[in-house]
Amino acid sequence: MKRLIERSRSVGEVLRWVTQNPGKVSASHYPIALHKLGQLLQQQPGPPVGAGDSRGPAGQVLEQPEFHVLCQAIVSSCAKFDNFSIVNCLYAAAALGLPGESPLVRVLEDESRSRLGRFNQKDVSMVFSSEANNKALEAIFSSQLFYENRQERFIRSMAEWLPRKAENLTPYTMALIAKYVARHRLREPRLLDTIANFLLKRGEQLDSKVIQKLVFPFSRMNYRPSNHGELFPKLEAILEQKAGSSPLATVNILMSMFQLSHFPQTVLHQVFSPGFITNVMSSPYALIVRRYLSLLDAAVELEFREYSGPRLDPRYRVLMFEHALTADEANRKYSYKGLVAEALRQLVGEECYRQDEVLPPGYCTDFLLWINRSGTVLPLSRVPAASRAPPATSPVTMSLRSSVLALTSDLQDFAPVVLSVNDKWHYCQNSDILVGSRAMRDRHLRLLGYCLVQLPYTELEKVSGIEEA
């Protein structure tokens with residue numbers, strides 16, 4: 001049956017073999033049939049598979065009674081399929097362009113979700129590394145089920161063969177891969193370098209919105225690609241030309257480069273220019289761009305002292321973040337912050353620290369304490385007001401440099417301490433490297449005069465009980 005399906009020359013022939021010989025069809029034949037249908041449809045004229053035009057060949061096939069019989073057979077039997085057949089049917093259905101709400105896709109995704117812990121990722125890797133074409137990879141990374149779950153073995157395997165096939169991928173597919181890698185904090189150097197090489201070769205042909213998606217994994221994983229000596233200057237040249245075409249994308253790319261401690265001076269001249277600012281402030285995304293520009297301006301103040309170009313008008317300065325990050329809020333129940341808070345309460349008392357304090361330019365800190373020269377933690381009532389952290393409620397008049405001076409002038413008597421609870425999601429996956437945004441936050445807090453005490457989750461998870469904490 002496998003040979004008959006693979007040798008079929010038309011869609012109708014595939015459907016006849018599968019639907020008219022149910023006794024000879026096994027679970028492994030269904031994904032072969034779906035893949036074969038996809039191949040045959042790609043060879044026919046008309047809208048591409050998945051284009052959503054029911055008048056084209058793909059739409060006509062999806063409406064044929066024999067195809068519905070095939071789908072119903074898979075739906076009825078998939079609970080008995082082995083994992084390999086389930087995964088292949090799911091991705092073949094995605095490549096065919098079946099909508100996510102179709103009964104076939106829903107049943108396959110539900111079955112896959114229930115088996116996720118038992119999936120053999122080596123099988124998945126072998127299948128798609130042998131046919132890693134644009135459509136197959138797009139189908140994989142477009143699958144919500146795949147996107148929501150971390151597939152580390154597959155990514156490691158893909159890092160082996162993707163460099164050889166990257167030239168044949170579309171920017172859209174590469175952007176999907178980049179998005180997945182960033183979401184799951186997968187710091188795989190070979191894969192990241194492949195994205196960087198793709199960007200170096202294709203950069204001029206890409207618009208800013210695609211470039212920001214391809215650049216983001218580098219800053220997210222706090223990783224300078226091996227070709228950064230060539231890539232970063234090229235990105236600067238591209239941004240000089242395209243800065244105004246998509247202001248939000250431009251600012252996002254700049255933020256990624258800043259997190260990697262790279263400061264493109266000529267582009268900064270553009271984004272802080274009156275024309276760019278006026279354009280941004282009249283756009284629907286004015287607030288988010290103001291937040292990013294405010295943080296970029298603060299980073300220039302702290303890390304790029306030699307810069308002498310235009311700066312952000314103080315009228316437009318806002319806090320980058322006004323409260324804890326969304327990820328921290330979402331993962332609150334998995335955080336060790338509650339344990340540390342109770343330990344601090346018992347150890348030094350509630351009057352000796354502040355929790356979730358937001359410090360200019362908008363960094364939410366876990367715990368803020370003050371110590372004297374002998375190392376004693378002081379009650380906040382004993383810390384002179386002038387020496388305390390500058391209020392985060394008045395960013396418009398904030399001067400970070402004067403804040404640094406205000407803090408450091410009293411360091412001979414007092415020292416501000418930020419106690420940082422670094423939970424698992426603050427690090428790259430299976431690594432002790434902080435994600436780029438967290439690393440930049442730490443750099444800036446130190447430059448502002450704070451002492452940082454890091455409490456990594458790897459140490460906190462060893463703690464047994466509040467006394468050890």
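Analyst: A salt bridge here is a side-chain nitrogen of Lys or Arg within 4 Å of a carboxyl oxygen of Asp or Glu. Side chains of opposite charge can pair when their charged atoms come close. This is a predicted model, in which local features need pLDDT of at least 70 and side-chain atom pairs count only at pLDDT 80 or more, while totals for chains, interfaces and linings use all residues. Residues are numbered from 1 along each chain as its sequence is written, and side-chain values use heavy atoms, with hydrogens and water left out.

The structure holds 17 salt bridges. One of them joins R441 to D442, with the closest N and O atoms 3.1 Å apart. R441 is buried (under 20% relative accessible area, with a 1.4 Å probe and protein chains only; exposed means over 50%, and partly exposed lies in between), its own relative accessible area being 4%, and D442 is likewise buried, at 2%. Elsewhere, salt bridges that share partners bring D297, E301, R311 and R317 together in one network.

Within that network, D297 pairs with R317, and their closest N and O atoms are 3.4 Å apart. D297 belongs to helix α19 (residues 286-303), whereas R317 sits in the loop between α19 and α20 (326-330), so that the pair links distant parts of the chain, 20 residues apart; helices are DSSP runs of H or I with at least four residues, numbered from the N terminus. Both D297 and R317 are buried.

Conventions:
Helices (H or I, at least four residues) and strands (E, at least two) are DSSP runs, numbered from the N terminus.
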